[in-house]
Amino acid sequence: MTDIVTRSAAPLLEVTDLRTWFPSGRGEVKAVDGVSFSIAPGEVLGLVGESGSGKSITGFSIIGLIDDPGRIVEGSIKLEGRELVGLPSHDLRAIRGKTISMVFQDPMMTLNPVLSIGTQIKLALEAHETIDAADARQRAITAVAQVRIAEPERKVDFFPHQFSGGMRQRVAIAIALLHRPKLIICDEPTTALDVSIQAEILAEMKELVSELGTALIWISHDLAIVSSIADRVAVMKSGNIVEIGPALGVLTRPQHEYTRALLDALPSRAKPGQLLLRGSGIADAPPPPRKSATANLPALGSPYLVIDNAVKRFEKPAGLFRNLAIKSGLSQPLTVVQAVAGVSLTVRRGEVLGLVGESGSGKSTLGRMAAGIIVPTSGTIRLNGQPVMSTGRAPKKITTRVQTIFQDPFSSLNGRMRIGDIITEGPLAHRLVNRAEAPDYVRQWLAAVGLDPTFANRFPHQFSGGQRQRIAIARALAMQPDVIVCDEPVASLDVSIQAQIINLLIRLRAELDLSLLFISHDLSVVRHLCDRVAIMYQGLIVEEGLAAAIYDNPQHDYTARLLAAVPVLPQGTETTAAE
Amino acid sequence: MLGFILQRLWQALIVVIAMSALVFCGVYAVGNPIDVLISPDATQDIRAAVIAQYGLDQPLWHQYLSFVGRILQGDFGRSFVYNMPVSELILSRLPATLELTLAAVLFASLVGIPIGMYAGYKPHSPISRAIMAISILGFSVPTFWFGLMLIMVFAVQCGCMPAGGRGETVSLFGVDFSFLTGDGLAHLVLPALNLALFKFSLMIRLARAGTRELMLSDTVKFARAAGLSEFTVLSRHVLRLISIPLVTVFGLELGSTLAFAVVTETIFSWPGLGKLIIDSITSLDRPVMVAYLMFVALLFIVINLLVDLAYAALDPRLRKGRA
């Protein structure tokens, strides 16, 4: 921030010894357990922590929206000297939206899909003032214009689904700003957005709050983002603030061990390819021996998975009348989405190729084609010269040598199957193991991915996100593949867990001579893990090359913009977030 | 939107054709109407004449085609029992059923949805538990038993309500309705209540489940964070969002109630369609059965089309794709 916040001013918000607990079957869950901090008017406080640290619950406690059965058991929240804890719900409602407002993580979920933007703004206006329809509309147009949405007169009548994610988040911010609140609580407001949109929103938010003098609590798991916007940073761990201070100080000279651990877990702060500090802590066990022949495989470094001019179009199935019309030449096939528009890419044996792009760039579709999950509209995908999928009316995957790890370990594992069955399902079907060997095979793989071998009888819901992703990795590797398509495998994980999974991938790749197609939107993870990088934009590869070369000297405009949009941690100097 | 409606009409046509064939063959298999039409002591000549008169000596496909041909001319045949055109017969009974069904379904929705939403909004309050207990009762108690209890308590013991019939009716646009007179309304209450019970419970459950889920959603949290009152959150946000599944069930229930209000109509001697179809099945009145089943198929098609149009009105995301 450019303007220096006067520390002497009376605090806008003062939180003292806040404890918000949730009763559960096994006693109280102390989500927030003794948090104290204060914010001056116009100040931006970054609240950083991993999932479950209590940072969101702190935000919800302040705005008085703790879901049943949770409650504030102790402590005080003072807004300009007025105690909020214990205030009747009617008085709290009068403060919400008026003096304190909130912006949430996923603008897909926060805006009501069946009400127009104008209606939603009108409802928020009516919550605190009486206003007639014409005035409300005018105010809505002004509000939408303020967050830089073009053609505000037209856009107020749009529904949320007609906006992109970034635009939706702008609308949410417009609603939060309606009554010129003194404090806005932003709960991971850019996490669901692409980096370039994130950079725009960050810049606009900075400008708006300094213009309006609004104080911000910026809740995030991303230290780099927080460092680019916050005046002060508070680091939370299991319901407590372990360290609080000026942003630059906390992030460059962390005092608490946990803050240091968080920083060490970031791939952007480590040398590419190295194991991340504090990310390991797993007893390494060798993976079980392979059964599939490795004799006729090409040497390391020679072309292995070859994608040749792959195109994927998605067409809407036409109804009867449309079909007739198409046949008689009266009409065109319905909306065609060309997800991948002719991509040639080679993954060499033993290398990690990073595939980077924003949402909608076609990177996941390309990954799915490479893995033999969907068939390309045209073009070929060959593994060691053999096609990955059969041709014909009902194309099928014909090799087990490519496997996939998906982003969301919660939906990619069947919740009704035991871990052991999940891991052996494929190998048994393809006779890589027999039934008698299966239990032992599972134990070996669980040990190899750093899990307790006795977990084989458990169900997926008994594991955390990081553990589930290990299970997903074990499942993919148990098929004894040579190539693994990793589709955002660490995107939904906390930094420390992300570091563990990255370390696991680095280790397993070396031990098994794996080739990885690593799809990600996170440039720092890609840089850390990948030998070569391909940048994808609107269905095409715009740039491809050695990771170091691309990061240090991007050739294509889009690559340069993408790299510039990534928030960067201060390296002992001034914050360097670029526009 | 026009393309969508055209497509639905096309589908409707196929359904109607398939239904006509199914119904015709099904009813053909049920029994020989000649045994009902002619007294057993009729001579062989009379028998043959009647069979020929109704075309029953023709092969099945021939009978079907002439049946379809007559339908296309708007002629559904004459009832064997009432000896009047079937279409007239059905139309004369329709208002009674329509009145009863709409009363029941509207009651179930207008009362069931708000109290279901309340039960979802405050899931742990004693009132909500009581509401849920009532809805479980509504699911489990058989309609005929509940109807009999209603008659016993309100008509027999208390004497404040009539036990059956339509009561006094008023003619409006040439159709008789009973809800316009005090007496008719009194006659309507018990059967409508009886018919509504199951739908009422269903609406409560659906509204409650939807509300409970939505109250935890980010949409509601965000609306609350903007300072909206709980009433506005429920009436403007939650109701709109749960209305899509509710409309689906409303449509299905409206159709099935219109078509199959048999039990209630029988208990309360309500002269509606349900009673007509039961009577015609027992007397093997084939033209009535066929026409009635065709009518039901058509009814469901129309209601489904209306439900689909309601979706588009309720959910802007559906409008775009079909525009």
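Me: Which residues of α9(B) and α10(B) meet each other?
Reply: On the α9(B) side they are Thr219(B), Val220(B), Ala223(B) and Arg224(B), and on the α10(B) side Val233(B), His237(B) and Val238(B). Keep in mind that this is a predicted model.

Me: And by class, what does the contact of α9(B) with α10(B) have?
Reply: It has 4 nonpolar, 2 polar and 1 charged residues.

Me: How do the axes of α9(B) and α10(B) cross, and is the crossing right-handed or left-handed?
Reply: The two axes come within 11 Å and cross at roughly 145°. The crossing of α9(B) and α10(B) is right-handed.

Me: Switching to the contact between the chains: how many residues does it take from chain B and from chain A?
Reply: Chain B puts in 25 residues and chain A 28 residues.

Me: Which elements of chain B give two or more residues to the side that touches chain A?
Reply: That would be α1 (2-30), α9 (218-225), α10 (230-259) and α14 (316-322) of chain B. The most comes from α9(B), with 6 residues.

Me: How do the residues on that side of chain B divide into nonpolar, polar and charged?
Reply: There are 10 nonpolar, 8 polar and 7 charged on the side of chain B that touches chain A.

Me: What about chain B overall, how many helices and strands?
Reply: Chain B comes to 14 helices and 2 strands. Its C-alpha atoms fill a box of roughly 85 × 60 × 35 Å along the principal axes, and 35% of its 323 residues count as buried.

Me: Which residues of chain B does UniProt annotate as "transmembrane region"?
Reply: The unreviewed UniProt entry gives that annotation to residues 12-31, 100-121, 133-157, 177-198, 246-270 and 290-314 of chain B. In the model, residues 100-121 of chain B are 100% helix and 0% strand, with the end C-alpha atoms 31 Å apart. For residues 133-157 of chain B, the chain is 92% helix and 0% strand, and the end C-alpha atoms are 26 Å apart.

Me: OK, over to chain A. What's the strand order in the open sheet of 6 strands?
Reply: The order is β6-β7-β8-β3-β9-β10 (chain A), with mixed pairing. β6 (100-103) and β10 of chain A are the edge strands, each pairing on one side only. From one strand to the next, the twist averages 15°.

Me: How many bridges join β3 to β8 in chain A?
Reply: 5 bridges, and the strands, β3 (residues 44-48) and β8 (residues 215-220) of chain A, run parallel. Leu47(A) stands opposite Ile219(A) in β8(A).

Me: Which strands does helix α1 of chain A lie across?
Reply: Helix α1 (residues 55-63) of chain A lies across β3, β6, β7 (183-187), β8 and β9 (232-237) of chain A, and runs at about 150° to β7(A).

Me: Where does Glu243(A) lie?
Reply: Glu243(A) is in strand β10 (residues 240-246) of chain A.

Me: Why does Glu243(A) count as partly exposed?
Reply: Because Glu243(A) has 19 C-beta neighbours inside 10 Å, and a residue needs 20 or more to be buried.

Me: What does Glu243(A) touch, leaving out residues up to four places away in sequence?
Reply: Glu243(A) touches Val235(A), Val250(A), Pro254(A), Gln255(A), His256(A) and Thr259(A).

Me: Last one, β16 of chain A. Which way do its residues point?
Reply: Val402(A) and Thr404(A) point one way, Gln403(A) and Ile405(A) the other way, and all are buried. 4 bridges join β16(A) to strand β17 (residues 483-487) of chain A, running parallel, and Thr404(A) stands opposite Val485(A) in β17(A).

Methods
Residues are numbered from 1 along each chain as its sequence is written. Chains are lettered from A and ligands numbered from 1 in the order in which they are written. This is a predicted model: local features need pLDDT of at least 70, side-chain atom pairs count only at pLDDT 80 or more; totals for chains, interfaces and linings use all residues. A residue is buried if 20 or more other C-beta atoms lie within 10 Å of its own, exposed if 12 or fewer, and partly exposed in between; C-beta atoms are placed from the backbone. Two residues are in contact if their C-beta atoms, placed from the backbone, lie within 7 Å. Ala, Val, Leu, Ile, Met, Phe, Trp, Tyr, Cys and Pro count as nonpolar, Asp, Glu, Lys and Arg as charged, and the others, Gly among them, as polar. Axes are lines fitted to C-alpha atoms, for helices over the stretch in contact, and angles run from 0 to 180 degrees between N-to-C directions. A crossing is left-handed if the near helix is turned anticlockwise from the far one by less than a right angle, and right-handed if clockwise. UniProt positions are given in the numbering used here, feature names are shortened, and annotations may be inferred rather than shown by experiment. Two strands pair if DSSP finds at least two bridges between them.
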